[in-house]
Amino acid sequence: MSVVVNGRLFGNRIIVWDIADSRKLYGSGYYGKPIGVPKPKGVEFDAPLVLDLMEGCYLAEKGRLKISQMDSSNSKPVSQTEIKKICKKQYVDFDAKYLVFSDLREKGYVVSPGIKFGCDFAVYEQGPGIDHAPYLVQVFRATDEMTATGVVLAGRLATTVKKQFILAIPKVTEKKVEYVGFDWWRA
């Protein structure tokens with residue numbers, strides 16, 4: 001049984017203030033980032049942990065995180081329904097992205113936001129500081145159109161940063177995800 005930690009909702013982030021809890025959560029799957037520590041080496045950091053909403057939602061759903069927020073002067077619990085409602089305001093097509101995030105996490109990958117790579121997720125096989133994220137994942141609906149230019153742009157970016165570009169195609173009603181990977185080579 002995993003330890004349940006407490007996090008406090010602040011805007012679009014969740015902070016785990018207790019340092020021991022921050023270390024446990026980070027060490028159990030590289031969740032979040034220690035505040036002010038750009039590339040932590042292991043769990044020997046003395047900083048609170050900041051989680052993005054998707055991670056927090058996932059951890060709350062798994063029973064590993066209790067989320068609260070300040071309501072005037074009292075701390076008030078945030079339910080799973082409430083956190084998903086907040087997530088839907090923050091993320092475009094949250095249900096599809098969350099399904100992909102959850103699927104990758106359940107398969108043992110470490111998933112972090114891919115914003116600096118211009119995609120939805122950067123995906124690690126082992127974890128930040130241990131390996132580089134070998135995959136860039138873009139969530140793409142089966143009904144979305146992808147142009148040849150879009151494929152080339154994604155491929156050029158991925159090869160420039162030495163990563164594989166992967167389309168994740170969620171089937172939300174079936175709770176299933178299909179993946180299409182692109183390999184690039186010189187002709």
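1. Rings of Phe, Tyr and Trp (its six-membered ring) pair if their centres lie within 6.5 Å; planes under 30 degrees apart count as stacked, over 60 as edge-to-face and the rest as tilted. By this rule, the structure holds 10 aromatic pairs. In one of them, the ring centres of Tyr26 and Tyr30 are 5.3 Å apart and the planes stand at 85°, so this pair is edge-to-face. Tyr109 and Tyr135 make another edge-to-face pair, with 6.2 Å from centre to centre and 90° between the planes. Ring pairs also link Tyr31, Tyr58, Phe101 and Phe121 into a cluster.

2. Some remarks on the basis of this note are needed. The model is predicted, and local features need pLDDT of at least 70, while side-chain atom pairs count only at pLDDT 80 or more; totals for chains, interfaces and linings use all residues. Residues are numbered from 1 along each chain as its sequence is written, and side-chain values use heavy atoms, with hydrogens and water left out.

3. The next point concerns the chain as a whole. The protein chain has five helices and 11 strands; helices (H or I, at least four residues) and strands (E, at least two) are DSSP runs, numbered from the N terminus. A compact globule of 187 residues would have a radius of gyration near 16 Å, and the 17 Å of the protein chain agrees with this. That radius is taken over C-alpha atoms, and the globule rule is 2.2 Å times the number of residues to the power 0.38. Along the principal axes, the C-alpha atoms fill a box of roughly 60 × 35 × 30 Å.

4. How much of the protein chain is buried? Buried residues make up 42% of the 187 residues, where buried means under 20% relative accessible area, exposed over 50%, and partly exposed in between (1.4 Å probe, protein chains only). The protein chain exposes about 11,000 Å², of which carbon and sulfur atoms supply 54%. Such areas come from the Shrake-Rupley method with a 1.4 Å probe; for residues, only the protein chains shown count as cover.

5. Contacts and charges complete the overall description. Contact means heavy atoms within 4.5 Å. Among contacts between residues at least 6 apart in sequence, 50% join residues at least 24 apart. The protein chain has 27 positive and 21 negative side chains, and the centres of the two sets lie 2 Å apart. Lys and Arg count as positive and Asp and Glu as negative, while His and the chain ends are not counted; each charge is placed at NZ of Lys, CZ of Arg, CG of Asp or CD of Glu.

6. Tyr26 counts as buried at 3% relative accessibility. Tyr109 and Tyr135 again form an edge-to-face pair. Tyr109 lies in the loop between α4 (94-106) and β7 (110-113) and Tyr135 in strand β9 (residues 135-139), so their pair ties together parts that are 26 residues apart in sequence. Tyr109 is partly exposed, at 25% relative accessibility, whereas Tyr135 is buried, at 18%.

7. Which residues other than glycine have a positive phi? Tyr30, in the loop between α1 and β3 (33-34), has a phi of about 55°. Asp93, in the loop between α3 (80-90) and α4, has a phi near 55°. Most residues other than glycine have a negative phi. Asp93 is partly exposed, at 33% relative accessibility.

8. Val177 belongs to strand β11 (residues 176-182) and is buried, with a relative accessible area of 11%. Its contacts are Leu99, Val100, Asp103, Ala168, Ile169 and Pro170. Ser22 lies in helix α1 (residues 19-27) and is buried at 0% relative accessibility. The contacts of Ser22 are Val16, Phe45, Ala47, Pro48 and Leu49.

9. Two further residues have some accessible area. Trp184 is found in the segment after β11 and is partly exposed, at 35% relative accessibility. Beyond its neighbours within four places in sequence, Trp184 is in contact with Val151, Gly155 and Thr159. Pro38 lies in the loop between β3 and β4 (49-52) and counts as exposed, at 75% relative accessibility.
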